[in-house]
Amino acid sequence: MKKRPTHTFQRKIIGPVFVIVTLTILVLTALVTLFEKNRFQRQELRRIYYETQVVNRRLGQQMFSADWQAIVMTLENASAADPSILYYVITDMNGAILACDEKERVGQTGYDTVRMGNGGRPVFEHSILEIANNIPAWARIYTSRLSKAVLKDDLYRARQGEQVFDAHWDITYMSQKLGTLRIGFSRRELGRHLVYLVSGMLCTGFFVLMVTLASIYVVVKKNLKPLDLFVDKISDLQRSQGAGVLRHRLAVIRWEDQDTSIEEIQRLKRAFSNIRDLFILNWDQLENHRQNLEEMVGERTRELQMLNEKLTRQF
């Protein structure tokens, strides 16, 4: 029969605690990450909204006056001021490209650099009614994926398939809708923020886990020290040579020297003390009975010897 492996009491406690605390840290990290992701994304969407609103307001005036040089300058300045801008494009009411960071695409119809995701549902939507405008300008921000890599000055700004915030604005001026502004923003800042957050939480959680396990080990070790001494004294009894030595060693054991506040250990000590006292009592009774028996045997032997001598003299 295969012998079952044995484990110390400390290992049996620390093992489950390690699993429980680790799972708790992972669950809390996942929940906090989800919450922080939503919070930071809302903050990022508001930033994009207000930034593009300023650009859109200028473009409305410039498109109404057909100042294309100013339009291009406005878009390029916005792109230079915000490194997270990956692309921009202005289309007319028929979808023809009027201005674009890829200048060779001006005059074409349709913009296929990105594919709109999330089923075409915006993650942010808001309308604003400017002064002297009778029609609202709608702002919608989508999570889209790049159909190709974005390069600037021969450097990769974003890779193919990367998710971006795709902001769409209705360009309106003097109660007329003049076209649509589309600006793409990188989500890498959101990713970096989440990586720092998760790394910080996992490092903190690992530190808390180690401190918790070390504290539990120290506390358990301290509280089980009386039990260890108790077990050592009992284990030492097996080296006793002879029943008399065993009885003597049991009699001199004093449990109060290893006093403890743990009720279970106190009960174990009391139970063993009762067994010890019963053993000593029975041993003393047996020893007394053995001595009395030896005396009785001696007396009977002497009586038989005397009787034997009398019978001898008679014959």
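Which side chains meet in a salt bridge at 2.6 Å, N to O? Select D112 and R105 and you have the pair. A salt bridge here is a side-chain nitrogen of Lys or Arg within 4 Å of a carboxyl oxygen of Asp or Glu.

Before moving on, some ground rules. This is a predicted model, where local features need pLDDT of at least 70 and side-chain atom pairs count only at pLDDT 80 or more, while totals for chains, interfaces and linings use all residues. Residues are numbered from 1 along each chain as its sequence is written, and side-chain values use heavy atoms, with hydrogens and water left out.

**Stop 1: back to the opening pair**

Color by accessibility. D112 is exposed at 52% relative accessible area, whereas R105 is buried at 9%. The cut-offs are under 20% relative accessible area for buried, over 50% for exposed, and partly exposed in between, with a 1.4 Å probe and protein chains only.

**Stop 2**

Select R140 and E125: their closest N and O atoms are 2.9 Å apart. Helices (H or I, at least four residues) and strands (E, at least two) are DSSP runs, numbered from the N terminus. R140 is partly exposed at 25%, and E125 is partly exposed too, at 44%.

Next, select E162 and R188, whose side chains meet at 3.1 Å, N to O. E162 belongs to the loop between β7 (155-158) and β8, and R188 to helix α3, so the pair links parts 26 residues apart in sequence. E162 is buried, with a relative accessible area of 6%, while R188 is partly exposed at 34%.

Then put E44, R47, E51 and D82 on screen together: salt bridges that share partners join them into one network.

**Stop 3: the core**

Hide the surface and look inside. The largest nonpolar core has 29 residues, and L75, I90 and L181 touch the most other members. Such a core is a set of buried Ala, Val, Leu, Ile, Met, Phe, Trp, Tyr and Cys residues joined through side-chain atoms within 4.5 Å. Elements giving it two or more residues are α1, α2, β1 (85-91), β4 (124-128), β5 (137-146), β8 (163-173), β9 (176-186) and α3. The largest share, seven residues, comes from α1. As background, nonpolar side chains in soluble globular proteins tend to be buried together.

**Stop 4**

Select residues 68-81 for helix α2: its 14 residues reach 20 Å from first C-alpha to last, close to the 20 Å expected at 1.5 Å a residue. That expected span is 1.5 Å times one less than the number of residues. The buried residues of α2 are A70, I71, T74, L75, A78 and S79. For reading such a list, an α-helix has 3.6 residues a turn, so residues three or four places apart point the same way.

Now go to α3. This helix has 36 residues and reaches 52 Å between its first and last C-alpha, close to the 52 Å expected. Its buried residues include L190, L194, G205, L209, L213 and V220.

**Stop 5: a nonpolar patch outside**

Bring the surface back. Which residues form a nonpolar patch there? Select F18, V19, L23, L26, L202, F206 and M210, which together have about 640 Å² of accessible area. Patch members have over 30% relative accessible area and no salt bridge; like charges are joined within 9 Å, and nonpolar side chains (Val, Leu, Ile, Met, Phe, Trp, Tyr) within 5 Å. The areas come from the Shrake-Rupley method with a 1.4 Å probe, and for residues only the protein chains shown count as cover. Helices α1 (9-64) and α3 (188-223) each supply at least two of the patch residues, with the largest share, four residues, coming from α1. F18, for one, is in α1 and is partly exposed at 39%.

**Stop 6: positive phi**

Zoom to the loop between β8 and β9, where you'll find M174 and S175. Neither is glycine, yet phi is positive: near 55° for M174 and near 65° for S175. M174 is partly exposed at 42%, and S175 is partly exposed at 29%.

**Last stop: cysteines**

Select C100 and C203. C100 is buried at 5%, whereas C203 is exposed at 56%. The structure holds zero disulfides, a disulfide being a pair of cysteine sulfur atoms within 2.5 Å.
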